[in-house]
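I opened this entry to keep track of what I looked up, chain by chain and element by element. The structure goes in first, then the notes.

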Amino acid sequence: MSVQQISVFLENKPGTLKKMTGVLAAHSIDLRATSLAETKDFGIARLIVDDALSAINTLKENDFVASLTPVLAIEISDEAGGLDKLLDKFTDESVNIEYMYAFSGSKTANNAYMIFRVADTKAAEARLTSAGVKILTQEEIAAI
Amino acid sequence: MEQYFQQEIECASYEKIREIQSEKLVKQVKHVWDNVPYYRKKMEEKGVKPEDIKSVDDLHKLPFLSKADLREAYPYGLLGVPKDQCVRIHSTSGTTGKRVIAFYTQHDLDLWEDCCARAIMAAGGTKDDVCHIAYGFGLFTGGAGLNGGSHKVGCLTVPISSGNTDRQIMFIKDLSATILCCTPSYAAYLGERMQELGYGPDDIPLKAGIFGAEAWSEEMRQSIQKTMGIKAFDIYGLTELSGPGVAFECSAQNGMHINEDHFIAEIIDPETEEVLPEGSQGELVFTAVDKEAFPMIRYRTRDICTLTREKCSCGRTHVRMGKPMGRSDDMLIIRGVNVFPSEIETVLLNNGYGANYQIVVDRVNNTDTLDVQVEMTPEMFTDNVGEIEERQKKLMGDLKSMLGIKAKVSLLAPKSITRSEGKAVRVIDKRKI
């Protein structure tokens, strides 16, 4: 099961990102992970939140352009070589990664989470699952 | 069935029109010679006397009037009748230079309203229609002109003026308005707002729109027509000549019929001032042969367009003018190249962007810069940075080939460009020359 990431268009000027986080904060939307892709002229904020549907509606109501993008969320152990071990599986299964970012779990747990954007989410999911990789669901992400 | 407000004159033969024009012109030149010392002096300088003007064929002998003359003669210097015979003034928005003030007698108002009534009927309006007028009322001619025309047709007229968009939409829906009159940029905004409120073309009672007072592209017409499920008609005019209704589109939506019994049109070479043959592109010049208070003779509009007398499917015989590329007042000279905002608009809409854009011109290190700022839309957004950049690059390429100069493209957040309720502010020229 892939996870819905929210992608938000951000104009390149001071205060844009803050305006977005302000809107999310006002609606008590909890961020799990964030990543910012920037170019010379604009940026795209990528967010994993507890409630994707309400987050995207809130953003749209506040004049943001935003869309949902399916991504894969995978738990790894937070130790040297943890990511490397996982990427072995990607290589074996020939899954091409467009971008990825990470976030760590709770302070006590010894693991981290990786978010991957791949070209063909469904196919990648099937291949990685059969190779023994556990892919997290929306509910599992929300529960972190 | 095509409807006309004044069928006899709107569909008169070419010969008949020439006859009317000649008769009125001779009379008008005499009137101006006797009553407008400013123009009489111009005629004397050119060595022309009223008796030299015997028909329309002699029009080219008369001197031109331009905006510079209006400024020099400001405010009363071109008045054709004593002040006590005037009943109203209107004034330009003053976006370029000093305001122009035009005067009207009751007769002038009457013929102006006739022209607007012709435009409304050409757009399919009858006394059964509810005509929603969202042009500004006041000094601006838009509201008053269409309001008078709508009365003459017998429409139920809603003189709502501009502003308060949600209230406008409420009136349109509650009164089942069928005809909308406003600037094209405001029509686009109204359409956008209606969409946001969840109204599709079928929920909107409007069937036609009469949009003018600023240059707009064919692509913008298509987009407005689709959003609101209407037919959008162009209307043309200048305060100097009366206001909207100097020319208007008919059901053919292919050029605007000039009300030739009131306004004689010529196309001239703006450099040599020579009259050009039919079909040539050049500057539009008008002679208002019926106006008493503000009798403009050979007034140079600065609008660049073409005229055609090809037969029109609507049955009207009056000459048609093509959509002006934009007033030469709107024209920007960037790095020596003439750029019309309407060309930029065409490229943006062709590339899938909306009509919410702004053109920022500046000068950095003695070189002009052109920045086209357009709002990101849900349709154009994707999570893929490369794809957005590709589209941006394609847009820049298309602008380059349309304009002949390089333009930067900036993508802005939605709703970051202020929506206009009257004429849109499209150009910000920061150059200090």
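How many residues of chain A are in contact with how many residues of chain B? I looked this up before anything else, keeping in mind that the model is predicted. I find 13 residues of chain A in contact with 14 residues of chain B. On the chain A side, strand 1 (3-11), strand 3 (42-49) and strand 4 (66-77) each supply at least two residues. Strand 1 of chain A gives the most, with three residues. By class, I note five nonpolar, five polar and three charged residues on the side of chain A that touches chain B.

Next entry: the nine-stranded sheet.

I traced an open sheet of nine strands in chain B, in the order 4-3-5-6-7-8-9-14-13, and its pairing is mixed. Strand 4 (156-158) and strand 13 (307-308) of chain B are at the edges; each has a single partner strand, so one side of each has no neighbour in the sheet. I then checked one pair inside this order. Strand 3 (residues 130-133) and strand 5 (residues 179-182) of chain B run in the parallel sense and share three bridges. In that pair, B:Ile133 has B:Cys181 of strand 5 as its bridge partner. Helix 5 of chain B packs on the sheet and touches strand 3, strand 5, strand 6 (208-212), strand 7 (231-238) and strand 8 of chain B. I read about 35° between the direction of helix 5 and that of strand 8 of chain B.

Next entry: the three-stranded sheet.

I also listed an open sheet of three strands in chain B, ordered 10-11-12, with antiparallel pairing. Its edge strands are strand 10 (263-268) and strand 12 (299-305) of chain B, each pairing on one side only. On average, neighbouring strands of this sheet are turned by 30° against each other, direction ignored. Strand 10 and strand 11 (residues 282-288) of chain B pair over six bridges. One bridge joins B:Ile264 to B:Thr287 in strand 11 of chain B.

Next entry: helix pairs.

How do helix 5 and helix 6 of chain B cross? The axes of helix 5 (residues 106-122) and helix 6 (residues 141-153) of chain B come within 7 Å and cross at roughly 70°. I therefore log helix 5 of chain B as roughly perpendicular to helix 6 of chain B. Among the residues that meet here are B:Trp112, B:Cys116 and B:Ile120 from helix 5 of chain B, and B:Leu146, B:Gly149 and B:Val153 from helix 6 of chain B. This contact has nine nonpolar, four polar and three charged residues.

B:Glu219, B:Met220 and B:Ser223 of helix 9 of chain B make the contact with B:Glu345, B:Thr346, B:Leu349 and B:Asn350 of helix 10 of chain B. I count these by class as two nonpolar, three polar and two charged.

Last entry: one residue.

Is B:Cys250 buried or exposed? B:Cys250 is buried, because 26 other C-beta atoms lie within 10 Å and the cut-off for buried is 20 or more. I place B:Cys250 in the loop between strand 8 (243-249) and strand 9 (256-258) of chain B. Not counting residues up to four places away in sequence, B:Cys250 touches B:Ala122, B:His257, B:Cys312, B:Cys314 and B:Arg316. I also took the distance from B:Cys250 to B:Gly154: 19 Å from C-alpha to C-alpha, at 96 residues apart in sequence.

Technical notes. Residues are numbered from 1 along each chain as its sequence is written. Chains are lettered from A and ligands numbered from 1 in the order in which they are written. This is a predicted model: local features need pLDDT of at least 70, side-chain atom pairs count only at pLDDT 80 or more; totals for chains, interfaces and linings use all residues. Helices (H or I, at least four residues) and strands (E, at least two) are DSSP runs, numbered from the N terminus. A residue is buried if 20 or more other C-beta atoms lie within 10 Å of its own, exposed if 12 or fewer, and partly exposed in between; C-beta atoms are placed from the backbone. Two residues are in contact if their C-beta atoms, placed from the backbone, lie within 7 Å. Axes are lines fitted to C-alpha atoms, for helices over the stretch in contact, and angles run from 0 to 180 degrees between N-to-C directions. Angles under 35 degrees count as roughly parallel, over 145 as roughly antiparallel, 65 to 115 as roughly perpendicular and the rest as oblique. Ala, Val, Leu, Ile, Met, Phe, Trp, Tyr, Cys and Pro count as nonpolar, Asp, Glu, Lys and Arg as charged, and the others, Gly among them, as polar. Two strands pair if DSSP finds at least two bridges between them.
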